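Student: I would like to learn how to read aromatic ring pairs in a model. Could you take me through them?

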Amino acid sequence: MAQPDSKKIFFENLSGAGKAIAVLTSGGDAQGMNGAVRAVVRMGLYVGAKVYFIHEGYQGMVDGGDNIKEATWESVSSMLQLGGTVIGSARCKEFRTHEGRLKAAHNLVQRGITNLCVIGGDGSLTGANLFKEEWSGLLNELVEQVTRGHLFWRSWADTVGKNR
């Protein structure tokens with residue numbers, strides 16, 4: 001039989017230090033999406049993680065920019081009674097391509113996001129699983145792009161420096 005304080009002990013051992021969680025909703029709106037978003041945000045903040053909303057689902061993750069915003073405790077207040085999903089949901093053809101997933105990975109890495117919570121149905125979770133399976137390869141590609149860019153810049157800077 002579990003101790004009465006076992007839940008308290010479990011939650012005290014969780015740590016979000018150094019982590020950043022992004023939450024997105026995808027596919028058709030459904031009851032409970034706002035409650036799920038609120039739970040992710042509040043639990044993430046409770047354990048000390050940074051939490052981000054990704055507005056407009058996978059499309060927002062691919063597009064980046066203002067679609068990815070930091071969430072606060074107050075930003076999820078009064079959302080339980082609202083229908084649909086307050087952070088929006090959009091299908092995204094581009095995410096179905098490798099290039100689209102590479103853009104999405106870049107946008108997450110750019111903000112230091114270490115964890116992703118996808119709220120949706122079968123198609124949403126299929127996309128999340130594919131993204132998870134490709135994650136290491138996508139990161140390697142991003143590192144390669146940065147390295148190539150750095151080498152190009154060094155070569156250009158060396159050439160400019162020699163002309164002086």
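Student: Which residues do ring pairs link into a cluster?

Tutor: Rings of Phe, Tyr and Trp (its six-membered ring) pair if their centres lie within 6.5 Å; planes under 30 degrees apart count as stacked, over 60 as edge-to-face and the rest as tilted. Here ring pairs join Tyr-58, Phe-95, Phe-131 and Trp-135 into a cluster. This is a predicted model, where local features need pLDDT of at least 70 and side-chain atom pairs count only at pLDDT 80 or more, while totals for chains, interfaces and linings use all residues. Residues are numbered from 1 along each chain as its sequence is written, and side-chain values use heavy atoms, with hydrogens and water left out.

Student: How many aromatic pairs does a search of the whole structure find?

Tutor: The search finds three. One of them is Tyr-58 with Phe-95, stacked at 4.2 Å centre to centre with 20° between the planes. This pair links distant parts of the chain, 37 residues apart: Tyr-58 is in helix 3 (residues 57-63), and Phe-95 is in the loop between strand 3 (68-70) and helix 4 (98-110). Helices (H or I, at least four residues) and strands (E, at least two) are DSSP runs, numbered from the N terminus.

Student: Is Tyr-58 buried or exposed?

Tutor: Buried means under 20% relative accessible area, exposed over 50%, partly exposed in between (1.4 Å probe, protein chains only). Tyr-58 has 5% relative accessibility, so it counts as buried. Phe-95 is also buried, at 5%.

Student: What is the geometry of the pair formed by Phe-131 and Trp-135?

Tutor: Phe-131 and Trp-135 are edge-to-face, 5.4 Å centre to centre with 70° between the planes. They are about one helical turn apart because four residues separate their positions in helix 5 (residues 122-162). Phe-131 is buried at 4% relative accessibility, whereas Trp-135 is partly exposed at 25%.
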